[in-house]
Amino acid sequence: MTTITLVQGDITRQSADAIVNAANSSLLGGGGVDGAIHRRGGPAILAECRDLRASHYGKGLPTGQAVATTAGELEASWVIHTVGPVWSATEDRAHLLASCYREALRVADELGARTVAFPAVSTGVYRWPMEDAARIAVETVRAAETAVEEVRFVLFDEAAYEVFARRIR
Ligand code: AR6
């Protein structure tokens, strides 16, 4: 049974077996959570991302998929990078956002991670509305068959925290 917990704050300050990064397909860094993870985690994460680009992911990590690297200096054993979809008002990409959570948990299971911290994937630079993103995140985690014991959603601000809190009540 997976327990869902909520924290308001900076995901790079969390201690967990795995911390999920809201990355982009390049795996080579960016703003938001991605920028914060690489800044605080140090160069070892980027070095492994470059290796992934040079081997299995020559064209980048496709949207909705997930892959793990070291967590560098973060208080975690792994960073699991996933690429959320960019929000579209005209095309339903919810299955891709759900896939991020499912695939990240699948990778966590492969690693043997028991606690996994997630940001609200796609709700920043990629503009996904928080209410809908929270619905997809919580429904997907609840439906997942995983050995992960704690899924911790780490929400940057109070408004996002409240949206997730209403969902899990
Ligand atoms: N801790 C927790 N949540 C955070 C943090 C943090 N340190 N920083 C931002 N958030 P985003 P996306 C929240 O933009 O929408 C990058 O450039 C933020 O308020 O990080 O999936 C990548 O390289 C928002 O609610 O990810 C990609 O190009 C949520 O985390 C692109 O952004 C996600 O915002 C991915 O965009």
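In this predicted model, six strands come together as an open sheet with mixed pairing, and their order across the sheet is β1-β6-β5-β2-β4-β3. The edges are taken by β1 (3-8) and β3 (66-70), each of which has a single partner strand, so one side of each is left without a neighbour in the sheet. Direction ignored, neighbouring strands of this sheet are turned by 25° against each other on average. Strands of a sheet pair through backbone hydrogen bonds, either parallel or antiparallel. Here, β2 and β4 pair in the parallel sense over six bridges, and Ala-22 stands opposite Thr-82 in β4.

Helices can now be placed against this sheet. Helix α3, made of residues 94-111, lies across β2, β3, β4, β5 and β6 (150-155), and it runs at about 155° to β4. Helix α4, in turn, lies across β1 and β6, running at about 170° to β6.

Helix α1 covers residues 32-41, and its buried residues are Asp-34, Gly-35, Ala-36, Ile-37, His-38 and Gly-41. These buried residues of α1 pack against β2 (18-23), α2 (43-54) and β4 (78-83). Just after α1 comes Gly-42, which takes a positive phi of about 85°.

Positive phi values also occur in residues other than glycine, and one of these is Leu-27, with a phi near 60°. Leu-27 belongs to the loop between β2 and α1, where Leu-27 is buried with a relative accessible area of 2%. Arg-127, which is not a glycine either, has a positive phi of about 65°, and its place is in the loop between β5 (115-118) and α4 (130-143).

Definitions and conventions: Residues numbered from 1 in each chain as written. Predicted model: local features only at pLDDT ≥ 70, side-chain atom pairs only at ≥ 80, totals over all residues. Heavy atoms only, no water. Buried < 20%, exposed > 50% of the residue type's maximum accessible area, 1.4 Å probe, protein only. Helix = DSSP H or I, 4+ residues; strand = E, 2+ residues; numbered from the N terminus. Contact = heavy atoms within 4.5 Å. Pairing = 2+ DSSP bridges. Axes fitted to C-alpha atoms, helices over the stretch in contact; angles between N-to-C directions.
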